[in-house]
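Please look over the sequence and the structure shown below before reading on. The report that follows starts from one pairing and then moves to the wider picture.

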Amino acid sequence: MPEILPVLPLKNTVIFPMTLQPLIVGQPRSIQLVDEVVVSDRLVALVALKNEGTEEPMPDDLYSVGTMAVIHRLAKAPDGTTRLIIQGLERVRLIEYTQTAPYMKARVEAAPDEIEESLEVEALSRNVSELFRRLVSLVSYLPEELAMAALSTDDPRQLVYMVATGVRMSLADAQEILELSSIKDKLKKLSVVLAREVEVLELGKKIQGEAQGEIEKAQREYLLREQLKAIRRELGEEDEQQVEIRELRDKIEAAGMPEEARQEALKELDRLSKMPTAAAEYSVIRTYLGWLTELPWQTATEDRLDIAVARQVLDEDHYDLDKIKSRILEYLAVRKLRQERGASPAADEESRDYIRREREGVILCFIGPPGTGKTSLGQSIARALGRKFVRQSLGGVRDEAEIRGFRRTYVGALPGRIIQAMRRVGTKNPVFMLDEIDKIGQDFRGDPAAALLEVLDPEQNREFRDHYLDVPFDLSQVMFITTGNVLDTIPAPLRDRMEILQLSGYTEHEKLHIARGYLVPRQIRENSLREDEVSFTDDALRRIIRDYTREAGVRSLEREIGAVCRKVAARIAEGKEGRAEITAEVVPEYLGPPRYFYEVAERTEIPGVATGLSWTPQGGDILFVEATRMPGGKGFTLTGQLGEVMRESAQAALSYVRANAEQLGIAPDFFERYDIHLHVPEGAIPKDGPSAGLTMATALASLLSGRPVRADVGMTGEITLRGQVLPVGGIKEKVLAASRAGLTTVILPRRNERDLEEVPAEVREKIRFVLVDRISQAFSAALTDGQDGDRPSAVPEEKDKKHSRKRTTKTRQPA
């Protein structure tokens, strides 16, 4: 072995000793190396590149172990490359490079393999031979003779290099096998590589076999179908496709579609009849025709037009709600008159035609707090009318296609939720409830609320076009009922198309009736109890309402009643017999200590605290406004996560109190010596709106004059700097909240007097309403004299003749 050898870099190739392989040399410096070596001793060191992308390799780009080889044959190709046949001789290790140009030379030393003779080496050799045999049987690029040669080789070193040359492996694995000195280690590494390759090939062969089987099965089925068609033609019978086409044609004729929809269906059916069943579009057209034929174009349920029966059904399912029940009965009365007069012999043809064309649908919107029975009311309306009921929730819907459907050009297209629900219900005049319409989203995929404009417009929904169907469908006979908690989040154009019916919270008396007539019997049934096993007294129900719930609806009330029934069921299941009578005294034994307390008197017993009334999506509620003072200079701090409008109301309240400090008995230099802090508790809850202005002014007046606010007084109203009290909204909800909190006096703007008609009579009887035009009137009704908490103080009223002048003001949105 020469001490110095020319180094030929190899891309993505490792040459092993004792092997004969072809090489192609293309780089000019490598061709020059080969030309000079051939005319001398023909010996060269073959070393693999670490990175095959290297174009001008240097010593650092090469591995340190390679193979000394001899060039046996050389041929020049027309493309300028040189073809070689080389034979690997021995492993060499490169010590140092002595030349890098025009090609590399390096000082090398032999690195002979360590050959062990042991049972383990023999076992490894046999394992490698067997794995190689299996590999050759799985691939086509290796001859069978190579496997026979490997099996007949006794030399483990020759076996390693022969198999490593024939196996497909990564450059890193091949270089690792070359660099390992021990033949035993080489055999172990080669076994791992062979086992992985054999596993991959066997899995691939299995997958290919399964795929081939599926293809053969499809081909066999196709041939059998063609043969079956030929046999049927010989027998004069129709094939399955023609039978299906005929059935679809019959369904189209029987569906009663409008002319436009019928023509579209027949056109698609004609396309379907000329199309092979294996075509991809065949199933698309078949699905489309299925939707068209299954829609209720003419199917309708007959309305129950008996007003007395409808009233009875509504009263059975819901207590009170007279306004909504009256609206449903009015709708029935109009339908009854239309039907009677349209069929009257005295009506001429023009009148009958007008009655037929007159819109029949109605679109109601129930707005109210959770738990007030909006969804169940829709089911009762359907039962009273004798119609089918279908419900769709719109909460979180952000895609316009959810309403109007996807166009048929998309893969997996379907109609929108409206058409899907119409097919599911099977009639063209159901009661259709769209829940949570105030929670529709909007993003880049479109505005679902805008898509609902056509659905909920009685003038347009007679020809509603779903993107998938692309033909008009009549929704004019559908009774649409939408529900929501707040009205503000519903877009104005959509709100304009609906008849808004407000469902405010229930009074204690109404909750008692609902619990006794509906909730208790239902919870007894749901908890597998009998009526003779548990009973609730009215006092017990009142205590649950007062001490364990504080809500506008009755959802929490039903949960608490259910909790009591479950504990009774557990007691009976344990074998304890006897009737359980739930009285007010034993309620804490079932539900634990009371959760709510009447704390108005405690919190308003010191000056600076006033009780306000607020409106929330969950119904009305009370809030406390607290004010305090501290030494300082003209500072005014507001806390409680107040919105911009509420902060401005606080500033207006302070300005009014400062302007009228003399009448309130406040020292002239008070504001020079003290800072004021106004706080609205429950600071984690955002608050905003103008209706807390009167409460803030009263709290400041109470603090600065030293007179506490009466414990039984709540108030609401917007204020001005001139001392006027302006009307606000949400009066019914606020008054119900005051009643739930135990307040007996409510101060309201005088212009809200008309809103008191909506307050239940029983609540109006329990609460004294003080209607005010001026802030000073509210102070007179709310502030005590500081000694007797029940006696109003005599605050002089402002001498302003303009306050009696009538002024037109729009009702503001509630806080």
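Which residue of S19 is the bridge partner of Arg-629?

## Strand S17 and its neighbours

In this model, which is predicted, the bridge partner of Arg-629 in S19 is Ile-676. That bridge belongs to the pairing of S17 with strand S19, residues 674-679, which is antiparallel and rests on six bridges. Strand S17 itself covers residues 619-631, and it also runs antiparallel to strand S16, residues 609-616, to which eight bridges join it. Within this second pairing, Leu-613 has Ile-622 of S17 as its bridge partner. As a general point, the side chains of a regular strand alternate between the two faces of the sheet.

## Asp-621

Asp-621 is a residue of strand S17. Is it buried, partly exposed or exposed? With a relative accessibility of 34%, Asp-621 counts as partly exposed, because that value falls between the 20% limit for buried residues and the 50% limit for exposed ones. Leaving aside residues up to four places away in sequence, Asp-621 touches Gly-612, Leu-613, Ser-614 and Ala-737; of these, Leu-613 is also the residue whose bridge partner in S17 is Ile-622. Asp-532, by contrast, is 89 residues away from Asp-621 in sequence, and the two C-alpha atoms are 38 Å apart in space.

## Strands S23 and S24

A parallel pairing is found between strand S23, residues 745-749, and S24, with five bridges between them. One of the residues involved is Pro-749, whose bridge partner in S24 is Val-772. Strand S24 spans residues 768-772, and four of its five residues are buried, so this strand is largely enclosed by the rest of the structure.

Most residues other than glycine have a negative phi, and most peptide bonds are trans.

Glu-436, although not a glycine, has a positive phi of about 55°; it is located in the loop between strand S9 (431-435) and helix H16 (448-455), and its relative accessibility of 27% makes it partly exposed. Gln-641 is likewise not a glycine and has a positive phi of about 55°. The loop that holds Gln-641 runs between strand S18 (636-639) and helix H23 (644-659), and at 42% relative accessibility Gln-641 counts as partly exposed.

## The protein as a whole

The protein has 28 helices and 24 strands. Its radius of gyration is 46 Å, well over the 28 Å that the globule rule gives for 815 residues, so the protein is more spread out than a compact globule. Taken along the principal axes, the box filled by the C-alpha atoms is roughly 130 × 95 × 65 Å.

Of the 815 residues, 48% count as buried, and the accessible surface comes to about 40800 Å², with 49% of that area belonging to carbon and sulfur atoms. Among contacts between residues at least 6 apart in sequence, 73% join residues that are at least 24 apart. As for charge, the protein carries 115 positive and 132 negative side chains, and the centres of these two sets lie 5 Å apart.

Definitions and conventions
Residues are numbered from 1 along each chain as its sequence is written. This is a predicted model: local features need pLDDT of at least 70, side-chain atom pairs count only at pLDDT 80 or more; totals for chains, interfaces and linings use all residues. Side-chain values use heavy atoms; hydrogens and water are left out. Helices (H or I, at least four residues) and strands (E, at least two) are DSSP runs, numbered from the N terminus. The radius of gyration is taken over C-alpha atoms; the globule rule is 2.2 Å times the number of residues to the power 0.38. Buried means under 20% relative accessible area, exposed over 50%, partly exposed in between (1.4 Å probe, protein chains only). Contact means heavy atoms within 4.5 Å. Accessible areas come from the Shrake-Rupley method with a 1.4 Å probe; for residues, only the protein chains shown count as cover. Lys and Arg count as positive and Asp and Glu as negative; His and the chain ends are not counted. The place of a charge is taken as NZ of Lys, CZ of Arg, CG of Asp or CD of Glu. Two strands pair if DSSP finds at least two bridges between them.
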